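Let's take a walk through this structure together. Have the sequence and the 3D view ready, and follow along.

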Amino acid sequence: MAMTFSVSKPSRSSNLSVALAVVGLVISVEYFFRHYVLFWLPVLGTLAVNDMLSLFLAYLLLLIGLGRFVRVRWPQELAAIGQSLREGVTSWNFTFWVLALVLSVLGLSTVDRLLWGNIKLPMVVSSYRNPTVWFANLAPILEGMSLILVNGLFVPIAEEYL
């Protein structure tokens, strides 16, 4: 005689509640890091670099915290990401999509510069700001690299896990 066990699926309302809780947590942590932690650190070139650094720290904390909570096996997950990246780089199947991505980044940045290039939004500077500035002469390079690595690579992968 075969015994079968039924595992109940979570309801839609509980899935929605968990999703909203994670969204609220992400927004809260990102707000705290981008409005407070950003100013505690010494300025690395410009405040935009610190903004990316604080965003990186926020998502790293979220990944580690929620990863421990749901018991993510990071070695397997990171190996799967590495394998996917290797397949994407070495396979001709993804060539069209890589070219489309590069062209869209170039095109969108040009359109963005034409539409919004003259607009500068003010950054609210906290009274707790660390006055130390490191690597001021490398500010343009650090700003570009931090945007690419954090906003272009780390945050999208972290958001997929979250």
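Start with helix α5, residues 139-161, which gives the most to a nonpolar patch, with 7 residues. Helices here are DSSP runs of H or I with at least four residues, strands are E runs of at least two, and both are numbered from the N terminus. This is a predicted model, where local features need pLDDT of at least 70 and side-chain atom pairs 80 or more, while totals for chains, interfaces and linings use all residues. Residues are numbered from 1 along each chain as its sequence is written, and side-chain values use heavy atoms, leaving out hydrogens and water.

The patch lies on the surface and is formed by Trp134, Phe135, Leu138, Ile141, Met145, Ile148, Leu149, Leu153, Ile157 and Tyr161, which together have about 940 Å² of accessible area. (That area comes from the Shrake-Rupley method with a 1.4 Å probe.) Pick out Leu153, which sits in helix α5. Leu153 has 42% relative accessibility, so it counts as partly exposed, the class between buried (under 20%) and exposed (over 50%).

Now bring in α2, residues 47-70: its axis comes within 9 Å of the α5 axis, and the two cross at roughly 20°. That's why α2 and α5 count as roughly parallel, a label for angles under 35 degrees. α2 passes α5 in a left-handed crossing, meaning that the near helix is turned anticlockwise from the far one by less than a right angle.

Zooming out, the protein has 5 helices and 2 strands, arranged along the sequence as α-β-α-α-α-β-α. Of its 162 residues, 20% count as buried.

Terms used
Patches are made of residues with over 30% relative accessible area and no salt bridge: like charges are joined within 9 Å, nonpolar side chains (Val, Leu, Ile, Met, Phe, Trp, Tyr) within 5 Å. A salt bridge is a side-chain nitrogen of Lys or Arg within 4 Å of a carboxyl oxygen of Asp or Glu. Buried means under 20% relative accessible area, exposed over 50%, partly exposed in between (1.4 Å probe, protein chains only). Axes are lines fitted to C-alpha atoms, for helices over the stretch in contact, and angles run from 0 to 180 degrees between N-to-C directions. Angles under 35 degrees count as roughly parallel, over 145 as roughly antiparallel, 65 to 115 as roughly perpendicular and the rest as oblique.
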